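Here is a friendly tour of one structure, arranged by topic. Have your viewer open and follow along.

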Amino acid sequence: MKPIQKLLVIKLGGVGDMVLAFPAFERIREAHPKAKITLLTTEPFAALARASPYFNAVEADGAPKAPGGWTSLIMRIRGARYDRVYDLQNDASSNLIFKGLWPAPPWSGTALGCSLPHRNRDRGRMHQLERQADQLMEAGIWPDAPTRPLSAAPPDISWILARSPQPRSVTIAGGHRPLVLLAPGPDAEQRWPIERYAALARKLQDAGHDLVIVGSLEQSGLAHKIQREASRARDLTGRTDLVQIAALGARAAVAIGNDLGVLHLIAAAGAPTITLFPSSVDPAPIAPRGHVTVLHAPALKDLPVDTVVATAITLAAAAA
């Protein structure tokens, strides 16, 4: 058998998907300690990937906008002559790459005709942590993979946190206040009403907590609505990269929100995390892993503010 010296790993995003891929990245590196491993991803995740201990190179043009970009990408991958590809994206984009490379190198994934197929027909109902562990088990590099529901541990992001060791609370002029992160999320239909977040922030501020709002720049308007009710809340929407959000998670006494992508990272950093779901959604395949509390209501607008406040205060006190 030809030695595996050059590997390509494909993972394009988003935030939660990238964070949940860290255990798979780690296992691939452990299985191929001397190989040159390249990650194909997209620009928002390139800095985080380059800071990780898993890759020798990171290429950030994995989602071209034009047909010519796809042609150039496929030609470059073909010219690299990879000995194996681990496709952790497993969607139309990576399938297009597989087809463009035909005959493709040894390929782990779900692309039709690949040489190391992930055959589990129930994979679509699995949490990403167990699903990717199962894929790598079938590829022959993770014999004791945690594939049972809830068996996979949270992603290890200690390599991020080592760069910014901080206590779980912050000291400000008024004294020692526990830090609460709010991550409302961009999707109005899947989000607890912003008025409830504002009321939550006011009550937590009055109870002696420091508040930081995180998310994309497009969510700054939501942050401003929260600040009208909680004047001390700090708006960091659009002002933090993923490494900085992880560092905030390591300092937080509790995090609350609907933005699952950000919350996957914050929970992996160790923050007690509260996620809010309508009863119609099963959180098992999508919720963050770690010290996570799921609060349900038949409709999110029916979830009482006082319920979230009480849960947050209890978790923050336990983390102190």
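This is a predicted model: local features need pLDDT of at least 70, side-chain atom pairs count only at pLDDT 80 or more; totals for chains, interfaces and linings use all residues.

Residues are numbered from 1 along each chain as its sequence is written, and side-chain values use heavy atoms, with hydrogens and water left out.

**Nonpolar cores**

- The largest nonpolar core has 49 residues, and Val9, Phe25, Ile28, Phe55 and Ile266 have the most contacts inside it; such a core is a set of buried Ala, Val, Leu, Ile, Met, Phe, Trp, Tyr and Cys residues joined through side-chain atoms within 4.5 Å.
- Helix α11 (residues 260–268) gives this core its largest share, 5 residues; helices (H or I, at least four residues) and strands (E, at least two) are DSSP runs, numbered from the N terminus.
- A second, separate core holds 31 residues, including Tyr197, Leu204, Ile256 and Ala297.
- In soluble globular proteins, nonpolar side chains tend to be buried together.

**Helix α6**

- Helix α6 (residues 128–138) is largely enclosed by the rest of the structure, because 8 of its 11 residues are buried; buried means under 20% relative accessible area, exposed over 50%, and partly exposed in between (1.4 Å probe, protein chains only).
- Among the buried residues of α6 are Gln128, Glu130, Asp134 and Leu136, and their cover includes α1 (15–20), α2 (22–31), β4 (84–87) and β5 (107–109).
- Just after α6, Gly140 takes a positive phi of about 90°.

**Largest pocket**

- About 260 Å³ of space lies in the largest pocket. On a 1 Å grid over the protein atoms alone, a pocket is an open set of points where a 1.4 Å probe fits, with protein on both sides within 12 Å along at least five of seven lines, and lining residues have an atom within 4 Å of a point. Grid points are joined across faces, edges and corners, and the volume is the space filled by probe spheres set on the points.
- Of the 14 lining residues, Val15, Pro44, Phe45, Ser216 and Leu242 lie nearest the centre of the pocket.
- α3 (43–51) and α10 (242–251) each supply at least two residues of this lining.

- Asp210 sits in strand β9 (residues 210–213) and is buried, with a relative accessible area of 4%.
- The side chains of Asp210 and Arg234 are joined by a polar contact of 2.5 Å, that is, a pair of N or O atoms within 3.5 Å of which, within protein, one must be able to donate a hydrogen and the other to accept it; residues adjacent in sequence count only if both atoms are side-chain atoms.
- Tyr82, in the loop between α4 (67–80) and β4, counts as buried at 10% relative accessibility.

**Backbone details to check**

- The peptide bond from Gly13 to Gly14 is cis, with omega near 0°, and Gly14 is in the loop between β1 (6–10) and α1.
- Trp102 and Pro103 are also joined by a cis peptide bond, with omega about 0°.
- Arg81, not a glycine, has a positive phi of about 55° and is exposed, with a relative accessible area of 67%.

Key:
Contact means heavy atoms within 4.5 Å.
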